[in-house]
Number of protein chains: 2
Amino acid sequence: MSETLLSSRNLAFELYEVLDAEALTQRPRFADHNRETFDAAISTARGIAEELFAPHNRKSDEHEPQYVDGAAVLIPEVEPALRAFHEAGFLNATRDFEHGGMQLPNLLSQACFAHFQSANIATSSYSMLTMGVANLIEAFGNQEQKDRYLQPIIDGRFFGTMALTEPHAGSSLSDIRTKAEPHADGSYRIKGNKIFISGGDQPISENIVHMVLAKLPDAPPGVKGISLLLVPKFHVNDDGSLGARNDVTLAGLFHKMGWRGTTSTALNFGDNGECVGYLVGKPHAGLSYMFQMMNEARIGVGMGAIMLGYAGYLYSLDYARNRPQGRQPDGKDPSSPQISIVEHADVRRMLLTQKAYVEGAFDLGLYAARLFDDTHTLETAEQRQQALELLDLLTPIVKSWPSEFCLKANELAIQILGGHGYTREYPVEQYYRDNRLNPIHEGTHGIQSLDLLGRKVSQNGGAALKQLLKLINDCCQRASEHESLTALRQPLEQLLARLQAVTLALLGDLMSGKINQALANSALYLKVFGHMVIGWRWLEQAIRAEQGLARTDNAEEQAFYRGKLQAARYFLTWEVPSCHHDLAILEARDDTCLGMQDTWF
Amino acid sequence: MSETLLSSRNLAFELYEVLDAEALTQRPRFADHNRETFDAAISTARGIAEELFAPHNRKSDEHEPQYVDGAAVLIPEVEPALRAFHEAGFLNATRDFEHGGMQLPNLLSQACFAHFQSANIATSSYSMLTMGVANLIEAFGNQEQKDRYLQPIIDGRFFGTMALTEPHAGSSLSDIRTKAEPHADGSYRIKGNKIFISGGDQPISENIVHMVLAKLPDAPPGVKGISLLLVPKFHVNDDGSLGARNDVTLAGLFHKMGWRGTTSTALNFGDNGECVGYLVGKPHAGLSYMFQMMNEARIGVGMGAIMLGYAGYLYSLDYARNRPQGRQPDGKDPSSPQISIVEHADVRRMLLTQKAYVEGAFDLGLYAARLFDDTHTLETAEQRQQALELLDLLTPIVKSWPSEFCLKANELAIQILGGHGYTREYPVEQYYRDNRLNPIHEGTHGIQSLDLLGRKVSQNGGAALKQLLKLINDCCQRASEHESLTALRQPLEQLLARLQAVTLALLGDLMSGKINQALANSALYLKVFGHMVIGWRWLEQAIRAEQGLARTDNAEEQAFYRGKLQAARYFLTWEVPSCHHDLAILEARDDTCLGMQDTWF
């Protein structure tokens, strides 16, 4: 049977030929690991994902969570899947050995987790959120919070959520109204309503730890007045046993287009004035803490979008190989047998586009994961800081590019299956519905574009941007040693030069106060920047493919590398040059959209 | 309340300022009509659509048809809606007065029907299919078939279907296996299985008339051996009363991602060897007959895609005007009130894009409808033939362009609503799911691109293409009288010139036998051709808007025309120039996709 979650060969290519995962084992933190322990973890992940996650993916879509007597009811398959996930160690894959973890690099943890996302994005989400909460408490919680809440999370008994959005405050977090009033015992009383809280209720874990954004009475206005509160669903006694229910009410469930297996909840905090919460870290510093979680979440969202794209790509590829239909345009003899649709040029276009989007984004996602390892395992503080800056710069791309283009991949997967692809009898329509959430949650596309152009590219004097440009230039330099890659390298170099100039010009506008004008077409900037980054990652893959080709006589291996080169060619010669039109609009400071008036619609 | 189905002002602009619907009343066939009768029909359509179609649009999605005891069961709201539709005359809007029709121009019939498609695409589909079957029998059936089957359809008692697809033959119709064996009484015995038959069963009409493609025993191979058979669900006695059930079995229902209210059925013909059918027209000529229906259906599909886009555009516009969120980038004082999101440049971009796609396609759809009127009401046979050729050429664009770009509009509508847009508590996600069918049914996108480049542009020595190019050049000529339109006209002229050259080159390749190479990138050709056509229609609208502006001092009217000009500017300066990159690929006969090998994926 063909692989359904991701291509093992491609994953090995990424880990051992492109991203040099083995080099990580030279670092003290990962000294106990080697390629065998890495591969064992991956193999375990694949097994659990195939056996316990994939089989109920459709069922959890068809039988979405129900609101019954104030609680969310899920299909029974979710709990054993998450239990197996935890028992195999994946919830704590990156955590220290001494804290019950596998002390794996984040790169490997993401590679393992990718299997679960591909198999069942909805069930895997409960774990992703819980891992984020664990990291947040570990980084910013006090010892008591760690003992009381983090340890049960590590033990797999408590799950977590992030509670940001309110009915009138989504993208604009500065407008949240949830209040946290100090109480004599040092705790707080929380009052407010949150919506779209993923995993806000479920019957699986003993307890749920909500990380809630709220405002203290003396909060300054805006984002500088947001605090982070830990609010448990059930109180936890000093001996670790569960106490009474906290005053957190499940007000209802949202009914989503896809991603249905993950509860999306409306939560009321303090309907009876008795909702107890605990301040995490310092007052008014909540947003910066939450951004650590959000940045993890944004990379997680990107990886989720990639894996939904990947699952659709593999399914439609298998279908195209096995579905006979029609004949070549130049051979229309109706008595000849029909050919597999993979033979049709337009079907190949749709498959190659998917491959270019999905494998290009997959490479970037894993690159970001490895960068995350660098942020805390490189030798010097300066190196670690540099890695952090680069990761910060790339985060809006890792989040938004796959959300847009791997969704497009899913659209193409449906198209390849034709009428069948449109029915719920086949899985590709669900991938498409599931993936449509990704350009929205954890910061919409528009927010990502403002984050990139309005903040990230100029941060620290543009230090991260300079780093990135140097990396891309280095890659082009290495590519220039392969004459066969000339046609792939040049479009990237041209894009790079022009984007650099546009960036300087836009930053100049921002500094001279033309803020609205400079940011008006930030969506185009985001697209072009993303294409530059993915183009770079494809050129890097093409170099490794050339090196691989030079090494092997094996036909299957050669075909693998040829495919990489063809997908790189597709992306760099079909997709990358399309950005020049967007750049012209950016260069002209075109005000077509900015100048449109409400009354003209 | 804002309008929800379509903008009446925009419809009036199309009918009376762009397409000069009143001029049609000069033609003998429409002499009894005038603007008042046109507007009365539209007003009636809007009323029924709002009162009887829109209210159950969500319900028919949530409660899709069920298969019970061999029959399809629908929600009860569908029947009265379709009855009202028929009783108001819309089923026979274009039919002769003497045959119970309103003898309206097709332009007006489509304008009326657009309201039903916007309100409820699924319920309106039953009527669209039935109208197509009626036209098919009227054109090619014999008198007995007309008396026995057409009249009850006109009377609203029978519905119709088109039964083409088989499990192994979708895009490749030449491979159908359904057999029609001649019987002593002149009828045929049908045996075969059909899938994806829309409206193949429903409990609303007394009888269903299936138009079935099948092969006679002496059929030559391929598409030249396909015959058209009329197969009723129930036999019809000589006195018009219903007889026994024919041997047509509902084998099951497909469960679609969207468009759920229309049954999609698997039908078995002749499981018991007793399925009676009647040959329509001549043997082996069925495909050409069916293409008349398919061409109507393809325009209908295009209009459906447009109206789903339109409904989403209007909903997201209304939402954007009423949803406060955030502040301008240059005014981030958190104590200032939030602004409506329509004020954000990126939201304006998403609204303006929708407007450009939806209103551009709407203009083209109605233009095609008017052309259909020309095919049978222009004075000379030559004029009518010319109109037919132009309509033939435009049909793949009318079908495919809205299917792709109005779907994209729906994607943007969701994005504007953010998290809410992703929930089934709001209607935009359903429009998106419904619209995803349109690039698939009635000939996939790939099939349309082959039809356009491999057949339509070269037909009759390229006569239709020459006509179209002349029309576009005329439009550019008239636009050049408005200096304000220079920046809009030039991109179209540049595209036109380059597309013309590419077309000649590709046709040259086709004639010299490089067929697979010439057609390999037909999807890009289809996109560029479509953008040229829509760009032309926007330039035409811009001319009319300039004329309107010169006439009026009314602020609301001025805003309407300004909006038209801004949408034209968006499409012609943001979208049209993006095609040059596609043209470069076509010019180079790029073989990236054609050259990709199965084993390389």
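User: How many residues does the contact take from chain A and from chain B?

Analyst: In this predicted model, the contact takes 94 residues from chain A and 94 residues from chain B, contact meaning heavy atoms within 4.5 Å. Residues are numbered from 1 along each chain as its sequence is written, and chains are lettered from A in the order in which they are written. Local features need pLDDT of at least 70, side-chain atom pairs count only at pLDDT 80 or more, and totals for interfaces use all residues, while side-chain values use heavy atoms, without hydrogens and water.

User: What makes the buried area between chain A and chain B?

Analyst: Buried area is the accessible area (1.4 Å probe) that two parts lose on being put together, summed over both. For chain A and chain B that comes to about 8400 Å², with 58% of it on carbon and sulfur atoms. In chain A, the residues losing the most area to chain B are A:Y422, A:W574 and A:F601, together 12% of what that side buries.

User: Why is the pair B:E64 and A:R424 called a salt bridge?

Analyst: The term requires a side-chain nitrogen of Lys or Arg within 4 Å of a carboxyl oxygen of Asp or Glu. The closest N and O atoms of B:E64 and A:R424 are 2.6 Å apart, so the pair qualifies. Across the interface of chain A and chain B the rule finds 8 salt bridges.

User: How do you know that the copies meet through the same surface?

Analyst: Of the interface residues of chain A, 100% are also interface residues in chain B, so the surface is the same.
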